Amino acid sequence: MLRINDILDKAQSYLPPEDLEMIKKAYVYSATVHQGQVRLSGEPYLTHPMEVAGILADMKMDAATIISGLLHDTVEDTLSTIEQVEEEFGKDVSFLVSGLTKLSLISFRSQEERQAENFRKMILAMSSDIRILLVRLADRIHNMRTLQYQPPEKRVYIARETIDVYAPLANRLGINWMKTELEDLSFQYLSPEAYNELSIRVVQSNESRQRYTEEVKKLISEELKKFKIEGEVEGRAKHLYGIYKKMHEQHLNFDEVYDLIAFRVILDSDQEKGCYETLSVVHSLWKPVPGRFKDYIAMPKANNYQSLHTTVIGPYGERLEIQIRTRAMHEWAEKGIAAHWRYKEGRAYKDEEENQIKKLREILEIQQEIKNPKEFMSDLRLALFPEEVYVFTPHGDVKSFPKGATPVDFAYSIHTDVGNQCIGAKVNRNIVPLKYKLQNGDRVEIITQAGHHPSKDWLKYVVTTRAISKIRNWINVEDKKSSIALGRDLLEKEFKRHNLKLSTYIKSDEIKKVFSEYSVNTLDDLISQIGFGRVSPRQLVNHFLAKEEIIDTAQIEEKEKKKKIASPSLGVSLTGIDNMMVKFAKCCNPIPGEVISGYISRGRGITVHTVNCSHLKKLDKERIVDVQWNISQKTAYPVHVRVVCDDRKGVLTEVSSVISSFDINISYAQIETTHMVATCNFIIDVNDLHQLNQVISAIKQLSFVKSVARLRQ
């Protein structure tokens with residue numbers, strides 16, 4: 001177990017004596033409030049905050065951060081309060097501890113919702129003070145180191161959360177050692193068999209790899225001396241998850257992974273030109289592999305990582321990956337934002353720190369608009385996993401995007417209105433489709449048109465969380481408008497059925513109780529819930545009826561089934577409702593004469609299915625309503641018919657003649673022939689099921705016809 005003296009020994013090398021005294025005080029406070037508590041391992045609970053504080057001291061964090069590491073669970077897991085923490089240790093520490101306290105006292109409908117809200121709170125807090133995230137990462141490191149004491153199902157859940165969110169967060173802050181340890185620990189529990197097998201393979205190859213590593217290091221060092229370049233050459237095995245990921249993504253066997261060892265040249269000089277000089281030395285020593293050079297100095301990664309990467313054909317024909325960087329670049333690459341952290345009241349962030357915090361704030365800004373916990377977690381993971389592509393604006397500014405980004409992503413990065421009104425794009429002065437994937441070095445120009453709106457199809461190929469969020473937001477607003485119109489129509493008709501006036505009741509105090517019951521804030525929210533099919537109009541009316549006035553709804557429905565109030569254009573009526581938004585489901589393509597049901601779709605009115613439609617049976621039963629045909633005039637309905645027959649001259653003409661004899665329009669006809677069999681596909685416009693059956697029966701009478709069938713999607 002780590003002792004307080006161990007933490008103080010680490011901290012005294014860079015903190016003044018008064019800070020060390022406050023750390024001692026925090027240790028005593030934490031030991032007191034956690035007294036009697038034990039971890040699943042059986043150790044005193046105090047071991048956990050002590051280990052977290054030790055990790056923070058190793059990172060040379062300021063006193064307030066180390067103290068927050070010691071106290072991070074006090075408010076959540078003991079009787080201690082934020083007010084007591086502030087009184088004992090000041091506002092700075094109490095703010096950090098408050099940001100670290102999870103939402104454990106709030107009731108959530110699901111574990112996913114709790115997880116989403118905890119991350120939302122963490123991102124909100126860390127956008128104000130990045131130290132909150134650093135403590136949370138140290139906390140997660142120690143929890144992962146002791147994960148074996150958790151039940152098996154919880155191990156997998158925590159490991160998945162760690163590799164999906166915490167490791168990418170560490171990567172975003174440039175803290176490489178944290179990222180790799182979190183990934184390897186997660187890998188151990190998510191894929192134990194692969195982890196164990198890979199561990200054994202790496203150990204077995206260690207001896208020969210070690211000899212090879214020393215040989216390569218010596219060759220590089222001797223060559224650098226010839227050119228009077230001073231620096232250190234390192235060679236170390238890549239971490240297990242990195243090897244596994246490469247094998248999995250590139251479908252390689254272990255023996256085919258050529259860069260198990262990463263070589264690194266760290267220059268004593270802080271001049272960038274030294275890196276390029278070293279690169280030329282390495283390329284003169286061994287032949288570079290085409291397409292395997294990356295310049296992260298000229299174009300740093302999203303986490304401000306800088307280095308030159310090259311792959312060469314080294315000794316014995318083996319490929320070597322070599323990284324070249326200055327010592328300052330190396331310190332950032334390993335420790336990231338924590339490398340330069342010295343917190344003082346009122347101090348300004350360094351440029352690279354401000355850059356990272358700005359990006360995390362951008363993530364926060366986007367996530368604030370997302371209410372659905374599944375969408376939030378999905379978009380958060382996406383935001384934390386960028387493989388960068390660098391493109392240029394028309395003015396020559398560089399913008400970075402995740403790999404796979406499109407011009408629509410680019411448009412939304414400029415402004416929401418530019419994204420919403422985007423109708424096209426020019427890349428390198430050529431018009432490209434909006435789904436075009438941006439490439440490094442592309443010069444992108446967006447073409448807009450006032451009044452244009454986003455398309456749902458855009459969601460299929462945009463990749464930035466900003467674009468996804470803005471498109472979803474626009475769609476949700478439009479859906480809500482449609483659902484309010486539909487919901488109000490449904491609600492007014494339901495009130496009329498009971499001789500009630502909707503306008504009277506929506507102004508009453510009783511409506512506020514209804515808001516509370518359905519977790520909405522406004523009347524529009526409530527009405528849109530009805531339009532979306534989440535709340536039944538009948539449920540709402542029952543709130544305003546005395547018990548003795550609630551009529552047997554079965555009797556009402558039976559009477560109103562006899563009513564026929566038509567939708568003027570589509571020939572479908574919903575009991576008691578007119579002027580409905582109606583569309584026919586493509587999965588079953590119903591036509592008059594078939595028994596049908598309606599489904600209240602989100603903001604899109606009623607979708608009509610046949611009652612036997614397999615897709616309808618999978619939908620929410622609460623949103624299925626009775627509908628019926630109500631044809632006042634003949635209307636044509638498209639039907640797909642397939643005729644299989646002998647392959648002979650004139651078959652298409654003969655079948656078409658039979659169809660036309662019923663005065664039926666053929667909107668599509670196509671024939672395919674294979675092995676003396678002809679397959680004719682028609683889309684014909686029929687009035688109803690009876691007419692369709694007549695034409696099918698007539699086609700079957702043709703001697704060369706083998707089968708006739710109506711096709712549905």
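Author: Axes are lines fitted to C-alpha atoms, for helices over the stretch in contact, and angles run from 0 to 180 degrees between N-to-C directions. Keep that in mind for this predicted model.

Reader: How do I read a helix pair? At what angle do helix H10 and helix H11 pack, and how far apart are their axes?

Author: Two packed helices are described by the angle between their axes and the distance between the axes. Here, H10 covers residues 152-172 and H11 covers residues 176-190. They pack at about 160 degrees, and their axes are 9 Å apart. Angles over 145 degrees count as roughly antiparallel. H10 is therefore roughly antiparallel to H11.

Reader: Which residues of H10 and H11 make the contact?

Author: On the H10 side, they include Val 156, Ala 159, Ile 163, Tyr 166 and Ala 170. From H11 come residues including Met 178, Leu 182, Tyr 189 and Leu 190. Charged residues take part as well, among them Arg 155 and Arg 160 of H10 and Lys 179 and Glu 183 of H11. By class, the contact has ten nonpolar, three polar and four charged residues.

Reader: Is the crossing of H10 and H11 left-handed or right-handed?

Author: H10 passes H11 in a left-handed crossing.

Reader: Now the pair at the start of the chain. At what angle do helix H1 and helix H2 pack?

Author: H1 spans residues 4-11 and H2 spans residues 17-33. Their angle is about 155 degrees, with the axes 11 Å apart. That angle makes H1 roughly antiparallel to H2. The crossing is right-handed. Ile 4, Ile 7, Leu 8 and Ala 11 of H1 meet Leu 20, Ile 23, Lys 24 and Tyr 27 of H2. By class, that gives seven nonpolar residues, no polar ones and one charged.

Reader: On to sheets. What is the order of the strands in the open sheet of three?

Author: Strands of a sheet pair through backbone hydrogen bonds, either parallel or antiparallel. In this sheet the order is S10-S9-S11, and the pairing is antiparallel. Strand S10 (430-432) and strand S11 (444-448) are at the edges. Each has a single partner strand, so one side of each lacks a neighbour in the sheet. Neighbouring strands are turned by 35 degrees against each other on average, direction ignored.

Reader: How many bridges join S9 to S11?

Author: Five bridges join strand S9, residues 422-427, to S11. Helix H19, residues 407-414, lies across S9, S10 and S11. H19 runs at about 80 degrees to S11.

Reader: Which strands are at the edges of the four-stranded sheet?

Author: The order is S18-S19-S17-S20, again with antiparallel pairing. The edge strands are S18 (665-674) and S20 (705-711), each pairing on one side only. The twist averages 20 degrees from one strand to the next. Six bridges join strand S17 (residues 637-646) to S20. Val 644 has Ser 707 in S20 as its bridge partner.

Reader: Which strands does helix H28 lie across?

Author: H28, residues 651-660, lies across S17, S18 and strand S19 (677-686). Its direction is at about 25 degrees to S19. Helix H29, residues 689-700, also packs on the sheet and touches S17, S19 and S20. H29 makes about 160 degrees with S20.

Reader: Where does pLDDT stay under 50?

Author: Where pLDDT is low, the predicted coordinates should not be read in detail. The chain averages 80, and 81% of the residues score at least 70. Residues 103-109 stay under 50, with eleven contacts beyond four places in sequence. Residues 553-557 are also below 50, with six contacts beyond near neighbours in sequence.

Notes:
Residues are numbered from 1 along each chain as its sequence is written. This is a predicted model: local features need pLDDT of at least 70, side-chain atom pairs count only at pLDDT 80 or more; totals for chains, interfaces and linings use all residues. Side-chain values use heavy atoms; hydrogens and water are left out. pLDDT is the predictor's confidence in each residue, from 0 to 100. Contact means heavy atoms within 4.5 Å. Two strands pair if DSSP finds at least two bridges between them. Helices (H or I, at least four residues) and strands (E, at least two) are DSSP runs, numbered from the N terminus. Angles under 35 degrees count as roughly parallel, over 145 as roughly antiparallel, 65 to 115 as roughly perpendicular and the rest as oblique. A crossing is left-handed if the near helix is turned anticlockwise from the far one by less than a right angle, and right-handed if clockwise.
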